[in-house]
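Subject: Model with two ligands

Hi,

Here is the model we talked about, with some notes on the ligand sites below. Have a look at it first, then read on.

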Amino acid sequence: MKIVVAIKQVPARDSLLRVDSSGKWIQDADLSYEINEPDAYALEAGLQLKEQYGGEVIVLCAGPARAAQTIREALAKGADRALHIEEDNLGGADPLVPARLMAAALKQEAPDLVLTGLQSDDLGMGQTGVILAELLGVPHATIIMHIEVNGKTMTVKRELEDGWFQNVEMPLPALLTMQSGSNKLRYATLMGIKKAKTKELKRISASDLGGLTQPKAALERIYFPERNKQSQLFEGNPKEAAAKLVEKLRFEARVI
Amino acid sequence: MSILVVGEQRDGTLNKMSLETVAAAQQFGAELSLPVHAALFGKGAEQAAAELAASKLDKVHVIEHELLDVYTPDAAALAVRQLVEKLGARLVLFPHTYQVRDYAPKLATAMDRVLVSDVIAHKREGDTTIFVRQLFQGKVNADVHCTGEPPFFASLQAGSFRADTREPGSAPVEKFTPSIEASQVRSKPLELFRESTRAVDLGAADIIVSVGRGIKDPENLPMIEQLAEALHAEIAASRPICDNGWLPMERQVGSSGQTVAPKMYLAVGISGAIQHLVGMKGSKIVVAINKDPEAPIFEIADYGIVGDLFQVVPALIEELKK
Ligand SMILES: Cc1cc2nc3c(=O)[nH]c(=O)nc-3n(C[C@H](O)[C@H](O)[C@H](O)COP(=O)(O)OP(=O)(O)OC[C@H]3O[C@@H](n4cnc5c(N)ncnc54)[C@H](O)[C@@H]3O)c2cc1C
Ligand SMILES: Nc1ncnc2c1ncn2[C@@H]1O[C@H](COP(=O)(O)O)[C@@H](O)[C@H]1O
């Protein structure tokens, strides 16, 4: 089985965010970065399928040069090779622009299965996988917890709202967007880290793929939301803050 | 030109977010001087359409086809596209549900457009409609607008527009039959099912202490148990805690877990992502402990302590014992 896993590099979850001088993005120079969380689960699912059915796992990532670090980590965990669409300006608003590049990069590959995360932690579009499936002309299913391949078809378990699930049968090739939490994530071994250095990491520029297309949605500015609810916040000394909170809960809110 | 709301229903029961979307569409329609239409598809659509039709709308379209009886993204995208084209809709609005996430991006892509997903508000600048959406799990907002030619597509986050502002009315209901071939529907959905019966009913708890990833390590959970004991509370958690197996799934609160509305919900080390908030924002009093003053959970908190939970929680336990 030829499996492609789309991984995105995003600012680490606890990052202190500040708006940059353009007003259109965050100051990203001194942030640390990590793999988008559901993408780590997509990678794990891909690696497990390879262990079960053989084949190869190819990592696909669009992003600036620094994303190579996250790609290396995926290779260290067991991916066989990687495609890095090296591009700084993927735009903040239009998921079609990066998806087109990714689709073009996959033209030569003809994978049996493409896995993405269900949503990115930074842009949170929740749609790049579905767009990619449409561009590749393959069926898709979203928010997947489990995959069972039976030859040329597979049965996947979808998460629905409110505790419901549904199994879906579909043919291969196909694209699935993966939910977090379905598997236990593996760590890279020392051996894996060593091996990763020799694995193929192919850099492709946007112009190699036909260039960036005109965005259909434009990001004008980003800003911190105004807090509109009157919350009473206590800061400073934890003991004093705790005492104030308990007093409020006892005598003002009267919930304890 | 018109605005089209594509709502959602299952077996004749309308998903209530559809009404929020209608309310939003009425606002947009008034601003842009455009008529507003609504549509539903799937088995039971006709029945559910009655509730939608009790709104000030030009028309409610019931999209009928046997290949739409059971939802698939292929059939849904094909069918809705045909209605959008027939109406020449300028703006197509959806509730941001799991089902919409599943087919609306496909539909937009097929029409060479982009869906502006998970919109929380809108503004007008001249003739341009600006959509506000959240980045970084609710920590940052972004103003986005569509460029190029309509139709434009947007999905609206739960609770962002209020269903009770919907203007009542009585709209005619009309059938629309799209053409779909069986060979165009590539996946075969099976029955819906639920995993295990829930042993804990968080819905019955007066007070809930809920713990998130700020707890860092399962070894730190006893501290939360002590806090819950001091408050006679049930313990709940955000999704990553249950994903990691630190607490059982049945204690998860949020869009894919339980929905709770206790007298007091105390969130410890939880950032307040929308998928968590939808499960607990009906709580009477929300209290948050978080070291990040910008954490979105404070947006809906009545009381909060900005600080390190490893210092605050022990202090709180001590104070409660007094
Ligand atoms: C389709 C879908 C469905 C989902 N369903 C659910 C669901 O049902 N329920 C759910 O909860 N999530 C759900 N999620 C996930 C959700 O988007 C968030 O990722 C999740 O809620 C984050 O959990 P958290 O707040 O515990 O972790 P984080 O977002 O990592 O937040 C941790 C918080 O702890 C704070 N913190 C860290 N250290 C300390 C300290 N020492 N003292 C005080 N504070 C500290 C940080 O400032 C941060 O705010 C879903 C996501 C998707 C896409
Ligand atoms: N620049 C990118 N490079 C690789 N994969 C991406 C990129 N952007 C999005 N994806 C994939 O698409 C998923 C959904 O992203 P989004 O649509 O932004 O929420 C992510 O979890 C990734 O798997």
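Let's start with ligand 2: β4(A) gives the largest share of its shell, three residues. Helices and strands here are DSSP runs numbered from the N terminus, with helices being H or I of at least four residues and strands E of at least two.

Before going further, some housekeeping. This is a predicted model, where local features need pLDDT of at least 70 and side-chain atom pairs count only at pLDDT 80 or more, while totals for chains, interfaces and linings use all residues. Residues are numbered from 1 along each chain as its sequence is written, chains are lettered from A and ligands numbered from 1 in the order in which they are written, and side-chain values use heavy atoms, with hydrogens and water left out.

Back to ligand 2. There are 18 residues around it, and A:D39, A:A62, A:S120, A:G126 and A:T128 come nearest (a residue is near if one of its heavy atoms lies within 4 Å). Both β4 (56–63) and β6 (113–117) of chain A supply at least two shell residues each. By class, that shell has seven nonpolar, nine polar and two charged residues. For the classes, Ala, Val, Leu, Ile, Met, Phe, Trp, Tyr, Cys and Pro are nonpolar, Asp, Glu, Lys and Arg are charged, and the others, Gly among them, are polar.

As for polar contacts (pairs of N or O atoms within 3.5 Å), an N or O atom in the side chain of A:D39 is 2.4 Å from an oxygen atom of ligand 2. On its own ligand 2 exposes 470 Å², and the protein buries 98% of that (accessible areas by Shrake-Rupley, 1.4 Å probe).

Now ligand 1. Its site is shared between chains, because residues from both A and B surround it. The shell holds 33 residues, the closest being B:S238, B:S256, B:S271, B:Q275 and B:N290. In chain B, α6 (239–243), α7 (274–277) and α9 (309–321) each supply at least two of the shell residues. Sorted by class, there are eight nonpolar, 17 polar and eight charged residues.

A side-chain N or O atom of B:Q252 sits 3.0 Å from an oxygen atom of ligand 1, and a polar backbone atom of B:L309 is 2.8 Å from a ligand 1 nitrogen. Taken alone, ligand 1 exposes 980 Å², of which the protein buries 93%.

Cheers

Terms used:
A polar contact is a pair of N or O atoms within 3.5 Å; within protein, one must be able to donate a hydrogen and the other to accept it, and residues adjacent in sequence count only if both atoms are side-chain atoms.
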